[in-house]
Amino acid sequence: MSDVRNPSPRVSPAIASRRRVLVLLEKELRELVTSRMLLASVILVPLLFGAVSLTIAWATGAVHGGTQDTQDLGELRQIMGDRIAHVTELRDGLQIYLGEMGLFVILLMPALLPPILAAQTLVREKQTRSLETLLVTPVRTWEIVLAKVLFCASLGVLPEWIVAAAYYGIVLGRCSSVAVDALTAPGWLVMVTIGSPLVAILGVGLGVAVSSRAKDAQTAQQVAGMVVLPIVGLLSMQSLGVTSLDGVGALLFVGVVAIADTIALALAISLFERESVVTRWK
């Protein structure tokens, strides 16, 4: 009987890329665990922002007022505009005002942490020579950027979702029905669930792009910190009512950020030349 040997099945390029990205994600996790400074920032920053937002949520439920406070309600309407035009009690207006501040703090989490974290991890890769190791592997540049974006963005988005769930649990249990309706409006829910991941991806993509061309580690971290300022400005406009946070306004914001994400990722991939990153950083 002849010996028939079955050749090993060929792995499709998509599956091979997915496996390489998973390996890179495992590498990112190992390097995070071994770096006390990075691990501390990943833990402490969400805890700080979460504590502030949940404290605001708890304090929001303790706000009292009545229909007789018409003068104060009028002054509050001048600040918040049409968002509380339907409100007849000062308590409801104050709860909406404070509740939106808590949501603003929550939305800052994925905007602030991921870009700076991306720059710090790139600095660490230079210091540990892990980028030079990648030069002799079949890993593609876009796979490196994708793994970096997924890893850093998730460290900002996942804690934000957990804090948001706890926040809404407190709001539903302690605030008035009018405030609950305002704080659970489609615009806010779209921003928390969809807008925040897109903002995190934008920040990481821009952080990787500027860090790839930085001449040293200190410059990379400083520029990455400045990258988040326009993002925070956009969130501030949405959260403070400068632009509409109804469903249409939030979807428009999400669409604009999604386009910016595509541009930022393409820019990061084009600028992330591994050889130049290693030779330029000193």
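Predicted model: local features only at pLDDT ≥ 70, side-chain atom pairs only at ≥ 80, totals over all residues.
At a relative accessibility of 17%, Phe-49 counts as buried, since buried means under 20%.

1. **Around Phe-49.** Phe-49 sits in helix H2. Setting aside residues up to four places away in sequence, Phe-49 touches Val-105, Leu-108, Met-109 and Leu-112. Glu-160 is 111 residues away along the chain, yet the C-alpha atoms of Phe-49 and Glu-160 are separated by 8.9 Å.

2. **The whole protein.** Stepping back, you will find 11 helices and zero strands. Read from the N terminus on, the elements run α-α-α-α-α-α-α-α-α-α-α. Of the 282 residues in the protein, 47% are buried. Among contacts between residues at least 6 apart in sequence, 83% join residues at least 24 apart. The accessible surface comes to about 14300 Å², and 67% of that surface belongs to carbon and sulfur atoms.

3. **Where H1 meets H2.** Two packed helices are described by the angle between their axes and the distance between the axes. For helix H1 (residues 13-34) and helix H2 (residues 36-61), the angle is about 95 degrees and the axes are 5 Å apart. That makes H1 roughly perpendicular to H2. On the H1 side, Leu-32, Val-33 and Thr-34 take part, and they meet Arg-36, Leu-38, Leu-39 and Val-42 in H2.

4. **Another residue of H2.** Ser-41 is also found in helix H2. Is Ser-41 buried or exposed? With a relative accessible area of 18%, Ser-41 is buried. Leaving aside neighbours within four places in sequence, Ser-41 is in contact with Pro-46, Leu-113 and Gln-120.

5. Side chains of opposite charge can pair when their charged atoms come close. A search of the whole structure finds five salt bridges. One of them joins the side chains of Glu-31 and Lys-27, at 3.5 Å from N to O. Both residues lie in helix H1, four residues apart, which is about one turn of the helix. Glu-31 is buried at 15% relative accessible area, and Lys-27 is buried at 13%. Another salt bridge links Lys-148 with Glu-28, with the closest N and O atoms 2.9 Å apart. Lys-148 lies in helix H6 and Glu-28 in helix H1, so this pair ties together parts that are 120 residues apart in sequence. Both Lys-148 and Glu-28 are buried.

6. The side chains of Arg-91 and Asp-92 meet in a salt bridge of 3.4 Å, N to O. Arg-91 is partly exposed, with a relative accessible area of 28%, whereas Asp-92 is buried at 5%. Salt bridges that share partners join Glu-89, Arg-91 and Asp-92 into one network.

7. **A nonpolar patch.** On the surface, Trp-142, Leu-146, Leu-150 and Ile-269 form a nonpolar patch, with about 320 Å² of accessible area together. Which helix gives the most to the nonpolar patch? Helix H6 (residues 141-174) does, with three residues. Ile-269 belongs to helix H10 (residues 247-271) and counts as partly exposed at 34% relative accessibility.

8. **A look at H7.** Val-180 has its place in helix H7 (residues 177-183). At 12% relative accessibility, Val-180 counts as buried. Apart from neighbours within four places in sequence, Val-180 is in contact with Val-171, Leu-172 and Cys-175. The C-alpha atoms of Val-180 and Tyr-168, 12 residues apart along the chain, are separated by 8.7 Å.

Notes:
Residues numbered from 1 in each chain as written. Heavy atoms only, no water. Patch = residues over 30% accessible without salt bridge, like charges linked within 9 Å, V, L, I, M, F, W, Y side chains within 5 Å. Areas by Shrake-Rupley, 256 points an atom, 1.4 Å probe, with all protein chains shown as cover. Salt bridge = Lys/Arg side-chain N within 4 Å of Asp/Glu carboxyl O. Helix = DSSP H or I, 4+ residues; strand = E, 2+ residues; numbered from the N terminus. Buried < 20%, exposed > 50% of the residue type's maximum accessible area, 1.4 Å probe, protein only. Axes fitted to C-alpha atoms, helices over the stretch in contact; angles between N-to-C directions. Parallel < 35°, antiparallel > 145°, perpendicular 65-115°, else oblique. Contact = heavy atoms within 4.5 Å.
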